Amino acid sequence: MSALLINLMTVKDGEKIQDYAKGAGPLVAQYGGEVITKGAVNSIPVGTFSAGAVSVLRFPSVDAIHDFLDDADYAPLVPIRDAGADVNFVIVDEA
């Protein structure tokens, strides 16, 4: 069953996030992931939400997401990601 990796992000340094994306993109593809959508939060009609941007990636499985996140080549990207944005990842089984 496919799974979604939802990235909720508040950008602190746009250049660092671009560097992170350049490194993470090939790894996402390596694990069968694809970007479904990404963009700035437009509005919050119900509830509270602090992230300024959202991206949604589809992977073939939850295991593929964890393999991507656990990849040794991903580890050096984490400090770049964290310097560039406050990030929360949510994994959702796709129905």
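**Ground rules.** I number residues from 1 along each chain as its sequence is written, and I leave hydrogens and water out, with side-chain values using heavy atoms. Because the model is predicted, local features need pLDDT of at least 70 and side-chain atom pairs count only at pLDDT 80 or more, while totals for chains, interfaces and linings use all residues.

**Entry: the sheet.** I took helices (H or I, at least four residues) and strands (E, at least two) as DSSP runs, numbered from the N terminus. I counted two strands as paired if DSSP finds at least two bridges between them. I found an open sheet of four strands, in the order β2-β3-β1-β4, with antiparallel pairing.

**Entry: the pairings.** I went through the bridges strand by strand. β2 is joined to β3 (residues 53-59) by six bridges. In that pair, Val 35 stands opposite Leu 57. β1 is joined to β3 by seven bridges, also antiparallel. β1 and β4 pair over nine bridges. There, Leu 4 stands opposite Val 92 of β4.

**Entry: Asn 7.** I looked up this residue in strand β1. Is Asn 7 buried or exposed? Asn 7 is buried, with a relative accessible area of 7%; the cut-offs are under 20% for buried, over 50% for exposed and partly exposed in between (1.4 Å probe, protein chains only). Its bridge partner in β3 is Ser 55. I used heavy atoms within 4.5 Å as contact. Leaving aside neighbours within four places in sequence, Asn 7 touches Ala 53, Val 54, Ser 55, Val 87, Asn 88 and Phe 89. β1 as a whole is mostly covered, with seven of its nine residues buried.

**Entry: the helices.** For angles I used axes, which are lines fitted to C-alpha atoms (for helices over the stretch in contact), with angles from 0 to 180 degrees between N-to-C directions. Helix α3 (residues 77-84) lies across β1 and β4 and runs at about 115° to β4. The axes of α1 and α3 come within 8 Å and cross at roughly 140°. On the α1 side, the contact includes Lys 16, Ile 17, Tyr 20 and Leu 27. On the α3 side, Leu 77, Ile 80 and Arg 81 are among the residues in contact.

**Entry: the cores.** I took a nonpolar core as a set of buried Ala, Val, Leu, Ile, Met, Phe, Trp, Tyr and Cys residues joined through side-chain atoms within 4.5 Å. Which residues have the most contacts inside the largest core? They are Leu 5, Phe 59, Phe 68, Tyr 74 and Leu 77, in a core of 13 residues. β1, α1, β3 and α2 (62-70) each supply at least two residues of this core. The largest share, four residues, comes from α1. A second, separate core has five residues, including Leu 4, Ile 6, Ala 51 and Val 56.

**Entry: Leu 77.** I came back to this residue last. Not counting residues up to four places away in sequence, Leu 77 touches Tyr 20, Gly 23, Ala 24 and Leu 27.
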